Amino acid sequence: HEKELKPISTFSMWAPFDGTILDRAMIVPGVAVVKGQQIYTLADLATVWIEAYIHESDFDQLNQNRDDPIQFTSPAYPDRTFHGKVIYSGDLVDEKSRSVLLLARAENPDRALKPGMFVEVKIHSTSARPAALIPISAILTEDDDQFVYVRIAPERFERRAVVASEHDGDRVAVLDGLKAGEEVVISGAFKLGAKALREEGREL
């Protein structure tokens, strides 16, 4: 019968902090491990970091002070609201998403929050900005542009570019592009847009 395989030597490795092993490199017998090579990924999950991407149109509403509060939820726990504190707000706008990065820290004593989990963040703003709330069905998009159709006469509608912020259920806040009292198309807006494109000789 085959002889029982025994390790030639063993080594103790001491972690620099208490934590949980999240990942382990594929190490096989006979492969040398060199200095500086990553073997384990270790994390202290008692606290976690949250990454939020804030559109540049909302950046002036962002609390940029360290330790300012945030709230966030996760689809994994629909009945729970988590709390965190800002540790960094970015100064660079991403060219593709037109957003800036905000980092926050949250306590995680029961390990409910997992690395890589999707969350929806709500940020408390100290400055007020007037905004029109309209049904989200009124917002149309073309490439990266957002627009609505505004009623300017009984049978006439005007396409209007808007800047929309976060949505709350079936409503969305419009920060720019609409005035108080203006009526927007909330049903059939897509058909109205398609008709306008045909009249302009453009294809959908």
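## The sheet

Five strands, in the order β3-β6-β5-β4-β7, make up an open sheet with antiparallel pairing. At its edges sit β3 (47-55) and β7 (120-123), each of which pairs on one side only. Direction ignored, neighbouring strands of this sheet are turned by 40° against each other on average. Keep in mind while you look around that this is a predicted model.

## Where β5 meets β6

Let us step into the sheet and look at one pair of strands. Strand β5 covers residues 77-89 and strand β6 covers residues 99-107. The two pair in the antiparallel sense over 4 bridges. For a handy landmark, find Tyr-88, which stands opposite Leu-103 in β6.

## Ser-99 and its partner

Strand β6 also holds Ser-99. With a relative accessible area of 8%, Ser-99 counts as buried, because the cut-off for that class is under 20%. The side chain of Ser-99 makes a polar contact with the side chain of Ser-97, at 2.6 Å.

Met-13, Ile-21 and Tyr-40 together make a nonpolar surface patch of about 320 Å².

One of these residues, Tyr-40, belongs to strand β2 (residues 40-43). Its relative accessibility is 37%, so Tyr-40 counts as partly exposed.

Terms used. Residues are numbered from 1 along each chain as its sequence is written. This is a predicted model: local features need pLDDT of at least 70, side-chain atom pairs count only at pLDDT 80 or more; totals for chains, interfaces and linings use all residues. Side-chain values use heavy atoms; hydrogens and water are left out. Two strands pair if DSSP finds at least two bridges between them. Axes are lines fitted to C-alpha atoms, for helices over the stretch in contact, and angles run from 0 to 180 degrees between N-to-C directions. Patches are made of residues with over 30% relative accessible area and no salt bridge: like charges are joined within 9 Å, nonpolar side chains (Val, Leu, Ile, Met, Phe, Trp, Tyr) within 5 Å. Accessible areas come from the Shrake-Rupley method with a 1.4 Å probe; for residues, only the protein chains shown count as cover. A salt bridge is a side-chain nitrogen of Lys or Arg within 4 Å of a carboxyl oxygen of Asp or Glu. Buried means under 20% relative accessible area, exposed over 50%, partly exposed in between (1.4 Å probe, protein chains only). A polar contact is a pair of N or O atoms within 3.5 Å; within protein, one must be able to donate a hydrogen and the other to accept it, and residues adjacent in sequence count only if both atoms are side-chain atoms.
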